[in-house]
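Let us read a protein model together, one feature at a time.

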Amino acid sequence: MVRPTQLLHPQRAPAPLRSAATVLLLRDSTDPARPGIEVLMTRRSMTASFAPGAYVFPGGGIDAADAQSHDSATRRTTQSDLHLTQAIAAIRESFEELGVLLAHRADGSPVDDSDIATLDRQAPFAAQCRSQGLKLDGAGVFVLAHWITDRDLPRRFDVPFLVARMPEGQSPVADEAEQFEPVWVRPADALARHEAGSFFIIFPTIRTLERLRAHATVQDVLDACAVNDEPLWTSCPRAGFARGAESRHMEHEPPFGELALVCPDGQIAHSLDWQYERPVQLLKNVQRLTAPNPGFMTGPGTNSYVVGDPATGHIVIDPGPDDAPHIERLWRAAGGRIQAIVCTHSHPDHSPGAPRLQALCTEAGLDRPPILGLPSAPTSRENSRFSPERSLLDGEHIVLTGRSGDRTITHTLEVVHTPGHAANHLCLVLIEDGLLFTGDHILNGSTTVIDPPDGSMGAYLDSLDKLADRCRQHRVEFILPAHGYVLGDWRASEDNVSAPLDGGALQAIAHLKAHRLQREAKVARAMQASPEGSADDWVRLAYDDVPERLWPVAKRSLLAHVERLQSLGGFNL
């Protein structure tokens, strides 16, 4: 876990959460030219304390009476007490705000506008329904998603987004106090109108509509929610800046982990723009400087990391290509005080800059930092040859230490030999802060290429297991890759949305391994379907979900899978 002393921003407690519920009332389009789902939305008052003027789904706070009204509602056998309480709150709010009532009469027939006309929106809700012999349709309300308001906002809510079919024979009528202008809209149309600036919706609404548009019918949505009777996703978004504007992100999106590392309490302070001219401060003791080599294989560029501080000196991880301006910027980021240069592996976008960086130190009259790593194996390509001045041992510790006032400061990097992407690949764990520097072994935004003979899929998967063990040992929560943003697989928690799941990096590793094994299963099926085929034939089948322009690169990893399958005795070709 990151030491509080290394955080860039003072710690703070987010605003307390308030329980609420929101319901998406859905219907199937009756226009044959525009089939799909329509959702009921309304515009919030311009004086509302939260999201004024935004188009939203009806909803509001959960009352104590909602939890005491279970006997007034139907329920599914798989529906928990909490979900039933939330459903009752959503039914009440849709009635109070829009005059829509999800309920049945005593004889089982659905209510219509004539029943609703006998009820008072301002009077106690459940008691009125009981007096009229109406049963709330809790069983027809399903949990779609669980949203927790961003940590940076002064008013925060813990909100299930529920879904239900709009009852026939009813027409929505806004209360003209909290909600105005009820409108039926297709999710894709709402998103397009928002993009055009004529339909203001906030981040959770946007992301919910994006997922909703993938469903063809209302029944499709209800069936998906009924599978486990739990939210299809849970999110407490984080925000930073991109191109000068606020940019919010969910847990599965590439920038989320970096925002969690740099601004754990939700401060909107971190720029997500890729920087080539200056280092990006991630912690007080970790800087990232991205080499100006963006491309098909490198993404935004190769990340060089500077670990340490003025009191301890610095270690540079992956100086990158031999690009003079980039190397000089690295030297300046470390203030010239570089104790060691570590290359995670020998590929040409990682190690060639090491001698130039070393020379800058000696030319300035400073100590000559050693170049550390593992030598290239004989299987490496000609442009990937590398010989360190000293080979690192698996499990070895590289220690930076110094004093600041009366404090001793220590930063310890543990070496982990991780062959797979390259035979001489290694990763590094910053033990005191639970950070894992993964070079090309784990990337953010793509999977690394395994290119035999220097690459090995079997060794790669074994190395993932090895990294998982180290993550458990050191409670690693964040992965700092050589390409892409910081990875951190955090999950929103109802009890403590500021706290990460212990060993957050473990889920990222588990997801990556599962993805590789799923791909390997597709490779095996492709080989079985076309036993006389070539790698080109198999890649079309095994990578049919990947753009064809990427197949030449994918073929390298396919051959690594084939090699592993053959080693396991599954195929003899």
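Q: What does it take for two strands to pair?
A: Two strands pair if DSSP finds at least two bridges between them. Take strand 7 and strand 8 (residues 156-165) in this predicted model. They pair in the antiparallel sense, over 6 bridges. One of the residues involved is Ile148, whose bridge partner in strand 8 is Asp158.

Q: Which other strand is joined to strand 7, and how do the two run?
A: Strand 10 (residues 233-235) is joined to strand 7 by 3 bridges, and the two run parallel. Look for Trp147, which stands opposite Ser235 in strand 10.

Q: How many residues of strand 7 are buried?
A: A residue counts as buried when its relative accessible area is under 20%. In strand 7 (residues 142-148), 7 of the 7 residues are buried. Strand 7 is therefore largely enclosed by the rest of the structure.

Q: What does the whole chain look like in numbers?
A: The chain has 14 helices and 24 strands. Its C-alpha trace spans about 90 × 70 × 40 Å along the principal axes. Of its 573 residues, 55% are buried. Now take contacts between residues at least 6 apart in sequence: 64% of them join residues at least 24 apart.

Q: In what order do the strands of the 7-strand sheet lie?
A: The order is 13-14-15-16-17-18-19. The sheet is open, and its pairing is mixed. Its edge strands are strand 13 (280-283) and strand 19 (390-391), and each pairs on one side only.

Q: Which strands stand at the edges of the 5-strand sheet?
A: This sheet is open, with the order 20-21-22-23-24 and mixed pairing. Strand 20 (397-404) and strand 24 (478-481) stand at its edges. Each has a single partner strand, so one side of each is left without a neighbour in the sheet. On average, neighbouring strands are turned by 20° against each other, direction ignored. Inside the order, strand 22 and strand 23 pair in the antiparallel sense over 3 bridges. Val429 stands opposite Leu436 in strand 23.

Q: Which helix lies across strand 21, strand 22 and strand 23?
A: Helix 11 does, running at about 160° to strand 21.

Q: What span should helix 11 have?
A: Work it out at 1.5 Å a residue. The 18 residues of helix 11 (residues 457-474) should span 26 Å. The end C-alpha atoms are 26 Å apart, which agrees. Just after helix 11, Arg475 takes a positive phi of about 50°.

Q: What covers the buried residues of helix 11?
A: Start with a general idea. An α-helix has 3.6 residues a turn, so residues three or four places apart point the same way. In helix 11, the buried residues include Met457, Tyr460, Leu461, Leu464, Leu467, Ala468 and Cys471. Their cover includes strand 21 (407-417), strand 22 (426-430), strand 23 (435-439), helix 12 (505-529) and helix 14 (551-567).

Q: How should I describe two packed helices?
A: Use the angle between their axes and the distance between the axes. Helix 11 and helix 14 pack at about 85°, with their axes 8 Å apart. That makes helix 11 roughly perpendicular to helix 14. Met457, Gly458 and Leu461 of helix 11 meet Ser557, Ala560, His561 and Arg564 of helix 14. These contact residues divide into 3 nonpolar, 3 polar and 1 charged.

Q: At what angle do helix 12 and helix 14 pack?
A: The angle is about 80°, and the axes are 10 Å apart. Helix 12 and helix 14 are therefore roughly perpendicular to each other. The contact includes Leu517, Val523 and Met527 of helix 12, and Leu558, Val562 and Leu565 of helix 14. By class, this contact has 7 nonpolar, 2 polar and 4 charged residues.

How values were computed:
Residues numbered from 1 in each chain as written. Predicted model: local features only at pLDDT ≥ 70, side-chain atom pairs only at ≥ 80, totals over all residues. Heavy atoms only, no water. Helix = DSSP H or I, 4+ residues; strand = E, 2+ residues; numbered from the N terminus. Expected span 1.5 Å × (residues − 1). Buried < 20%, exposed > 50% of the residue type's maximum accessible area, 1.4 Å probe, protein only. Contact = heavy atoms within 4.5 Å. Axes fitted to C-alpha atoms, helices over the stretch in contact; angles between N-to-C directions. Parallel < 35°, antiparallel > 145°, perpendicular 65-115°, else oblique. Nonpolar A, V, L, I, M, F, W, Y, C, P; charged D, E, K, R; others polar.
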